[in-house]
Amino acid sequence: MRNEASKIPGFGSRLKAARLKANLTQQVVADELGLTLRTYQRYEAGTTEPTLNHLVSLCITLSVSADYLIGLADEVRVGE
């Protein structure tokens with residue numbers, strides 16, 4: 001397991017902001033990805049990070065770029 005220092009800074013808060021902007025609940029996003037609610041909640045809390053496959057699914061589900069979620073871009077939506 002990776003330590004906290006290696007976590008992507010701000011990932012959880014960006015993920016939560018994107019979910020809220022998409023007007024989705026944590027449960028809906030978790031279901032879309034085939035995750036338990038608790039696992040998804042850990043993503044938003046920043047205590048764990050998604051696999052690459054789940055990151056791609058999050059981007060599709062929330063209509064955001066991976067660059068936004070990992071902090072490389074400030075634009076939330078893809079195509080806006």
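**Figure 1. Helix 2 meets helix 3.** The axes of helix 2 and helix 3 come within 9 Å and cross at roughly 110°. Angles of 65 to 115 degrees count as roughly perpendicular, and helix 2 and helix 3 are therefore roughly perpendicular to each other. Helix 2 brings Q26, Q27, V29 and A30 to the contact. Helix 3 brings L37, Y40, Q41 and E44. Sorted by class, this contact has four nonpolar, three polar and one charged residues. The model shown in this and the following views is predicted.

**Figure 2. The protein as a whole.** The protein has five helices and zero strands. Its pattern along the sequence is α-α-α-α-α. The protein has 80 residues, of which 31% count as buried. Contacts between residues at least 6 apart in sequence were also examined: 52% of them join residues at least 24 apart.

**Figure 3. The largest nonpolar core.** This core has 16 residues. Those with the most contacts inside it are F11, L15, Y40, Y43, L58, L62 and L69. At least two core residues come from each of helix 1 (11-21), helix 2 (26-33), helix 3 (37-45), helix 4 (52-62) and helix 5 (66-69). Helix 4 gives the most, with four residues.

**Figure 4. The surroundings of F11.** F11 is among the residues with the most contacts inside the largest nonpolar core. Setting aside residues up to four places away in sequence, F11 touches Y43, P50, L55, L58 and L69. Of these partners, Y43, L58 and L69 are also listed among the core residues with the most contacts.

**Figure 5. Helix 1 packs with helix 4.** The two helices pack at an angle of about 30°, and their axes are 10 Å apart. Angles under 35 degrees count as roughly parallel, so helix 1 and helix 4 are roughly parallel to each other. Helix 1 passes helix 4 in a left-handed crossing. From helix 1, the contact uses F11, L15, A18 and R19. From helix 4, it uses L55, L58 and L62. By class, the contact of helix 1 with helix 4 has six nonpolar, no polar and one charged residues.

**Figure 6. E44, a buried residue of helix 3.** E44 is found in helix 3. Its relative accessible area is 12%. Buried means under 20%, so E44 is buried. Leaving aside neighbours within four places in sequence, E44 is in contact with G12, S13, L15, K16, R19 and Q26. E44 and S13 are 31 residues apart in sequence, yet their C-alpha atoms are 6.3 Å apart in space. E44 is also one of the residues that helix 3 brings to the contact with helix 2.

**Figure 7. N23, in the loop between helix 1 and helix 2.** N23 lies in the loop that joins these helices. Its phi is near 60°, a positive value in a residue other than glycine. Most residues other than glycine have a negative phi. The relative accessibility of N23 is 69%. Exposed means over 50%, so N23 counts as exposed.

**Figure 8. S63, in the loop between helix 4 and helix 5.** S63 is found in this loop. Phi of S63 is near 55°, again a positive value in a residue other than glycine. The relative accessible area of S63 is 35%, and S63 is therefore partly exposed.

Technical notes:
Residues numbered from 1 in each chain as written. Predicted model: local features only at pLDDT ≥ 70, side-chain atom pairs only at ≥ 80, totals over all residues. Heavy atoms only, no water. Core = buried A, V, L, I, M, F, W, Y, C linked by side-chain atoms within 4.5 Å. Buried < 20%, exposed > 50% of the residue type's maximum accessible area, 1.4 Å probe, protein only. Contact = heavy atoms within 4.5 Å. Axes fitted to C-alpha atoms, helices over the stretch in contact; angles between N-to-C directions. Parallel < 35°, antiparallel > 145°, perpendicular 65-115°, else oblique. Left-handed = near helix turned anticlockwise from the far one by under 90°. Nonpolar A, V, L, I, M, F, W, Y, C, P; charged D, E, K, R; others polar.
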